[in-house]
Amino acid sequence: MKRYNVGIIGATGMVGQRFVLLLAKHPWFNVKVVAASPRSAGKSYKDAVGEKWAFDCEIPENIASLTVKNATQDIAQIASEVDFVFCAVDMKKDEIKALEEAYAKAECPVISNNSAHRMTDDVPMVIPEINADHIKVIEAQRKRLGTKRGFIAVKSNCSLQSYVPAIYPLDKKFGVKEVLVCTYQAISGAGKTFKTWPEMLDNVIPFIGGEEEKSETEPLKIWGKVEYGKIVNASSPAFTAQCIRVPVSDGHMGAVFMRFEDGKKPSKEEILDCWKNYSGRAQELSLPSAPTQFLHYFSEDNLPQTKLQRNLEGGMAISIGRLREDSQYDYKFVCLSHNTLRGAAGGGVLLAELLCAEGYID
């Protein structure tokens, strides 16, 4: 596999910092460019981040000395220096849309962590183990943008990564009709630490702006099909969600209740077997960031736990537990994923690996 030069747009934010850590020693990707807001431009990455560095480890030496470029003004220069960029910026939705399209039209593919383009019908929103085939819509997107190389691909909302991977294979095999999910989401999902958000200590906030809408609509795009150059959303399963912020540093947990199609309720053993044997395109291709076992089930009543399982397989595996029959739905269970690894930067890196392996980034 060739080495790709990459850029990180929004490199000073929490997700951008996580990209820095994941890419510092990546076997395929070399960080050539870091870019951020005008107030950071011109400084070394280390100086630009300063006390905002959110991790206990040091900034990787090969990236700390890079001079930060202006993410909005240096687009042509950045595009000329890299094979593609990761994007994780903190801007208004319309501004993010315009910025990502500007990079794409500069013939620079964009792997986005942002939500702005998730529901654009010719932009693939991909979990590589689930809907890797959606990347074929890129051909139609390039025609719309008038590009040869440039395109935008996105990863889904971080909270979806905990429960969608557990539900998807069950739906494909048995037919899931309805899903109710309550997510308990870490503060890093808001780009915060306990140092920067002390109000979260000993506290629970029962509202995360926009999160419930994303949790109910984005799965239907993941379940959708590519037809005539667009991704057509599925009509089922029906999702309803409630999203809660909890005093946890990293790791989103979901409590899931599901009902199967009439007459298709599987046994508990059939569900466990489906999870155990499920894998996707990421495993077929042996992508560097892909977990060997995508879905892990824990039979102990008190597992999975956020502290114990969030870093499973480098934070890229999904942990499931407490599967049991329910008095109102067919089954209920809990699930867990690392929100800034599988859910954010790690999911973006895995998507980039998929796109490179499948020939969409030359």
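**Getting to know this predicted model**

The protein chain has 13 helices and 14 strands; helices are DSSP runs of H or I with at least four residues, strands are E runs of at least two, and both are numbered from the N terminus. This is a predicted model, where local features need pLDDT of at least 70, side-chain atom pairs count only at pLDDT 80 or more, and totals for chains, interfaces and linings use all residues. Residues are numbered from 1 along each chain as its sequence is written, and side-chain values use heavy atoms, leaving out hydrogens and water.

User: Why does Tyr228 count as exposed?

Analyst: Exposed means over 50% relative accessible area, buried means under 20%, and partly exposed is in between (1.4 Å probe, protein chains only). Tyr228 has 84% relative accessibility, so it counts as exposed. For the chain overall, 57% of the 362 residues count as buried.

User: Where does Tyr228 sit?

Analyst: Look in the loop between β8 (225-227) and β9 (230-232). Tyr228 is 88 residues from Ala140 in sequence, with 8.4 Å between their C-alpha atoms.
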